[in-house]
Amino acid sequence: MKTIHLNQTDSTNLYLERHLSELPEICSVRADIQTAGRGRLSRQWDSAKGGLWFSVLFKTPTLSPFQLQKVCSLATLKSLKRELELTTKTIVPIEKSPSPEPFLLKWPNDIYYNSKKISGCLQKNILSSTASNCIIGVGVNINNPLPEELIKKAINLKTILSKEIDVEQLYHHISENIERRLSDFSQEELEENYKKHLLIKEGVHVKVLDIVNNNHYTGRVMGYPGETLEIFTEEGLQLSFKAADVTLKSWED
Ligand code: BTN
């Protein structure tokens, strides 16, 4: 995969969008700093130096954008887990995870460690009359300091492992991991892997905040069919949500 390294850009997603026509079929760009990093639901994404901020362009992909997101987030999760395993052989981490799977996915594709967010994923589809292209942006808190207001709900890898991490090396591992998953692609394996790493499993009591209609719903998770989240409310309603519209919170949050 062609990779581009920038010292600074507004957003790696936007960079790929601007350079779409001159880039190859699959290409990844990483920036040390993003001055206008964007998160889901049009939120700002804090992108200070020390974090891993990258986006991958897939031109006319054979996989759906949702599958590509899952591929990228699972590749990131596995590389984080490997980093943790390599480190725990020599150093005892200060923040141990009680779960057998230390890193978990919160629907749609956030990565959590001990109920704190370490990574997020942002997808953008660019459709024209002749092609459909997909950009998947991934942000991982590595050595970057977290803003005060995020300390309670977010974490970086440096805190988990009590050491500074080589961001470039981790990025290359994730990129290789993405390529491998694409060349050996199996839908069954992808779903199995995704389900195995889910933070909020079926039956868990949740609150869903619908930002489009400014509403919230509570109920139990029935499942994550296709690209949706389905819940069963206390009133007996079965509701279905798209990731683009809602934030999911487990009842304990
Ligand atoms: C989220 O959890 O809300 C998604 C965060 C996605 C952040 C990444 S960082 C690289 C890429 N560029 C952006 O502007 N956003 C994504």
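Mentor: What follows is a set of questions about a predicted model.

Trainee: Why is L41 called buried?

Mentor: Buried means under 20% relative accessible area. L41 has a relative accessible area of 17%, so L41 counts as buried. Its place is the loop between strand 2 (26-34) and strand 3 (52-59).

Trainee: Why is S115 called exposed?

Mentor: Exposed means over 50%. The value for S115 is 58%, so S115 is exposed. S115 lies in the loop between strand 5 and strand 6 (116-127).

Trainee: What is noted about the phi of L41?

Mentor: Phi of L41 is near 55°, a positive value, and L41 is a residue other than glycine. For S115, phi is near 65°, again positive in a residue other than glycine.

Trainee: Which peptide bond is cis?

Mentor: The bond joining W107 and P108 is cis, with omega about 5°. P108 is found in the loop between strand 4 (103-106) and strand 5 (110-113).

Trainee: Which residues touch the most other members of the largest nonpolar core?

Mentor: F103 and L157 do, out of 51 residues in that core. Helix 2 (residues 65-88) gives the largest share, nine residues. Another core, of 12 residues, lies apart from it, and its members include I4 and L57.

Trainee: What makes F103 a contact of L157?

Mentor: Contact means heavy atoms within 4.5 Å. Leaving aside neighbours within four places in sequence, the contacts of L157 include F103, L80 and I165.

Technical notes
Residues numbered from 1 in each chain as written. Predicted model: local features only at pLDDT ≥ 70, side-chain atom pairs only at ≥ 80, totals over all residues. Heavy atoms only, no water. Helix = DSSP H or I, 4+ residues; strand = E, 2+ residues; numbered from the N terminus. Buried < 20%, exposed > 50% of the residue type's maximum accessible area, 1.4 Å probe, protein only. Core = buried A, V, L, I, M, F, W, Y, C linked by side-chain atoms within 4.5 Å.
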